[in-house]
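Thanks for coming. I have one structure to show today, and I will keep it short.

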Amino acid sequence: MEKNELIYRRWIEEVWNQQKEEVIEELFDKDGIAFYPYFVKGDEPIRGIEKFKEFYRLVRENFSGLKIRISDVAVEDNKVVAVCFISAVQETADSEGLPTQERAELRSLCQFKIKNGKIVEIWNNIDLTAQNPKAALLKL
């Protein structure tokens with residue numbers, strides 16, 4: 001397996017599936033940029049490690065049991081493109097403020113740019129036409 005694909009797989013497995021926040025600093029470039037257009041107000045990119053950690057914590061706080069399964073990966077030079085399936089439960093509140101849970105099953109198309117062993121760009125496009133799009137509309 002190519003080095004860049006291994007970095008991508010570590011990102012998915014360790015950062016997201018195993019919830020190892022400390023791996024963000026190891027794999028994400030200090031000036032890295034991430035585009036999660038359906039999760040960030042105004043579609044502004046997330047810039048730098050600390051902002052990414054804010055985003056990461058927000059997602060972890062609002063979604064329990066988040067798991068990402070990689071379906072297909074293609075690597076060319078410094079780019080990794082993958083199709084993933086995401087499952088999670090969104091923790092929300094109903095109109096009376098009582099806790100509720102909504103299950104989300106979504107597809108994602110991810111593109112990573114990797115330079116010198118660090119992720120410098122993430123482009124993540126979530127398929128909002130999937131089973132429960134409402135559960136995917138968390139905004140940073």
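This is a predicted model: local features need pLDDT of at least 70, side-chain atom pairs count only at pLDDT 80 or more; totals for chains, interfaces and linings use all residues.

Start with the core. The largest nonpolar core has 35 residues, and the members that touch the most others are Trp 11, Trp 16 and Phe 52. Several elements supply at least two residues each, among them α1, α3 (48–62) and β5 (99–115). Helix α1 gives the largest share, six residues. Beyond its neighbours within four places in sequence, Trp 11 is in contact with residues including Trp 16, Phe 52, Phe 112 and Ile 122.

Next, Asn 4, which sits in helix α1, residues 3–17. Is Asn 4 buried or exposed? Its relative accessibility is 10%, and under 20% counts as buried, so Asn 4 is buried. A polar atom of the Asn 4 side chain lies 3.1 Å from the backbone oxygen of Asp 77. Setting aside the nearby sequence, Asn 4 is also in contact with Asn 78, Val 80 and Ile 114, among others.

Now the salt bridges; the structure holds ten. In one of them, Glu 25 and Lys 53 meet through their side chains at 2.3 Å, N to O. Glu 25 belongs to helix α2 and Lys 53 to helix α3, so this pair ties together parts that are 28 residues apart in sequence. Glu 25 is partly exposed at 44%, whereas Lys 53 is buried at 8%.

Another bridge joins Lys 51 and Glu 54, at 3.7 Å, N to O. Both lie in helix α3, three residues apart, about one turn of the helix.

Notes:
Residues are numbered from 1 along each chain as its sequence is written. Side-chain values use heavy atoms; hydrogens and water are left out. Helices (H or I, at least four residues) and strands (E, at least two) are DSSP runs, numbered from the N terminus. Buried means under 20% relative accessible area, exposed over 50%, partly exposed in between (1.4 Å probe, protein chains only). A polar contact is a pair of N or O atoms within 3.5 Å; within protein, one must be able to donate a hydrogen and the other to accept it, and residues adjacent in sequence count only if both atoms are side-chain atoms. Contact means heavy atoms within 4.5 Å. A nonpolar core is a set of buried Ala, Val, Leu, Ile, Met, Phe, Trp, Tyr and Cys residues joined through side-chain atoms within 4.5 Å. A salt bridge is a side-chain nitrogen of Lys or Arg within 4 Å of a carboxyl oxygen of Asp or Glu.
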